[in-house]
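Good morning, colleagues, and thank you for making time for this item.

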Amino acid sequence: MASVARAPDALTLYPASTLFARDGRVASFDLDGRLLTYFESGTLYKRALDSSVHARRRVGGRRERFVLSPEEALWVFARARAVAESHYRAARGEARARLLAILGWTPERLLGERERFSQVYKPIAILPPDRYFTIVLQATEGCTWNRCTFCSFYSGRSFTAKDPETFSRHARAVRGFLGKNALLRRDLFLADGNALALSLGKLLPVLEAAREVFPGRPVYSFIDVYSGERHQEEFWHALKEAGLKGVYVGMETGHDPLLAWLNKPGSRDELVVFVRTLKALGLFVGLIVMVGAGGAYYRAAHFRDTLGALRAMPLSPHDIVFLSPFVEDPGSVYRARREAMGIAPLSEAAIEGELRRFAQAVRGLGLRAARYDIREFVY
Ligand code: SF4
């Protein structure tokens with residue numbers, strides 16, 4: 001999609017979306033006419049598939065993010081629709097047809113997408129930032145471990161796996177729900193937290209069904225070290241043959257005492273061996289590092305050992321090291337444990353400083369570094 005910030009008054013037809021600009025307000029829509037993004041007065045609004053609206057703007061050099069109430073969302077939908085409608089007289093042919101599809105979505109009807117979404121999906125907690133425009137297919141729900149002290153993504157939800165028939169129905173329902181919005185999405189993401197922890201016997205039918213419903217799209221998924229390294233090389237080879245293109249690993253840190261303190265199983269050495277297996281097969285690897293985890297107490301060792309671990313892995317320039325600014329959940333076991341031990345958290349500014357230091361060091365290894373801010377997740 002085009003950048004929305006500087007477009008002049010215009011109506012632009014993209015292969016999978018349409019963009020309208022008028023007087024500094026810019027709105028983009030999918031080919032079914034549903035709003036994607038809206039920009040006005042320095043604020044960018046993104047509509048998620050459940051019609052929640054996520055806003056982002058800079059105020060005094062600081063990044064602000066917030067989620068709109070349903071009433072505020074209706075206001076955004078109406079404002080965006082009006083920008084599109086202002087092009088009605090000039091729109092001809094294909095442009096007119098697309099515009100009519102957009103006008104078919106009253107704000108109330110668009111808000112109603114949240115019900116359709118909830119009929120197709122269970123809540124989707126998180127995705128890697130380079131996969132926000134993916135097609136999520138929930139082969140499992142929850143996380144096999146669910147006990148990392150800092151993580152509340154799947155709290156209160158037990159881990160369950162769909163049988164092949166249920167999964168197949170789910171994939172077809174997702175296709176129906178997305179409609180032409182699927183044209184914007186080039187790959188598939190097997191969710192939830194640890195779908196690849198399943199056995200090969202369960203995963204192969206899932207991948208087959210996924211690719212039957214959405215042919216030709218590569219598949220990605222999350223996996224944690226403790227689940228990933230239990231699988232043999234043949235497992236990963238078979239998944240690659242079935243369409244798996246890459247995995248995202250919640251590394252968090254290369255410092256084992258910190259990993260243990262976070263109550264996350266696995267170790268630096270296990271991670272290195274696991275990544276070697278994946279890279280030997282030519283799979284993409286995205287490693288997620290939590291910058292600021294463990295606060296001031298672990299700061300130096302976290303940096304040193306994470307860099308040491310990255311150095312030991314045969315990563316290629318296509319792989320990505322995601323640097324995620326640590327966000328402490330006030331109700332988490334992490335917070336309680338940190339306070340009980342008198343460990344000082346890093347301030348937001350200090351975490352930003354650490355992010356820059358990590359990014360520079362990662363790039364110094366010839367690797368790609370990217371920011372992964374879980375507060376900006378939108379699907
Ligand atoms: S393994 Fe990942 S998803 Fe599961 S609890 Fe830990 S951080 Fe959360």
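This is a predicted model: local features need pLDDT of at least 70, side-chain atom pairs count only at pLDDT 80 or more; totals for chains, interfaces and linings use all residues.

Let us begin with E233. With 12 other C-beta atoms within 10 Å, E233 is exposed, because a residue counts as exposed when that number is 12 or fewer. E233 is placed in helix α8, which covers residues 233–241.

Let me now turn to the chain as a whole. It contains 13 helices and 16 strands. Along the principal axes, the C-alpha trace spans about 65 × 50 × 40 Å. Of the 379 residues, 38% count as buried. If we take the contacts between residues at least 6 apart in sequence, 74% of them join residues at least 24 apart.

Next, the interior. In soluble globular proteins, nonpolar side chains tend to be buried together. Here the largest nonpolar core has 73 residues, and L137, A210, V249, V289, V321 and L323 are those with the most contacts inside it. Which residues does V289 touch, leaving aside those up to four places away in sequence? They are M251, E252, T253, T306, V321, F322, L323, S324 and F358. Another core, of 23 residues, lies apart from the largest one and includes F29, F39, F77 and L99.

I come now to the domains. The domain assignment gives domain 1 as 10–114 and domain 2 as 121–376. Their C-alpha centres lie 31 Å apart. How many residues of each domain are in contact with the other? Seven residues of domain 1 are in contact with seven of domain 2. On the domain 1 side, the touching residues divide into two nonpolar, one polar and four charged.

Finally, the ligand. Around it are C143, W145, N146, C148, C151, F153, Y154, G193, D224, G250 and K264. By class, this shell has six nonpolar, three polar and two charged residues.

That concludes my presentation, and I thank you for your attention.

Methods
Residues are numbered from 1 along each chain as its sequence is written. A residue is near a molecule or strand if its C-beta atom, placed from the backbone, lies within 6 Å of it. Ala, Val, Leu, Ile, Met, Phe, Trp, Tyr, Cys and Pro count as nonpolar, Asp, Glu, Lys and Arg as charged, and the others, Gly among them, as polar. Helices (H or I, at least four residues) and strands (E, at least two) are DSSP runs, numbered from the N terminus. A residue is buried if 20 or more other C-beta atoms lie within 10 Å of its own, exposed if 12 or fewer, and partly exposed in between; C-beta atoms are placed from the backbone. Two residues are in contact if their C-beta atoms, placed from the backbone, lie within 7 Å. A nonpolar core is a set of buried Ala, Val, Leu, Ile, Met, Phe, Trp, Tyr and Cys residues joined through C-beta atoms within 7 Å. Domain bounds come from an automatic or database domain assignment.
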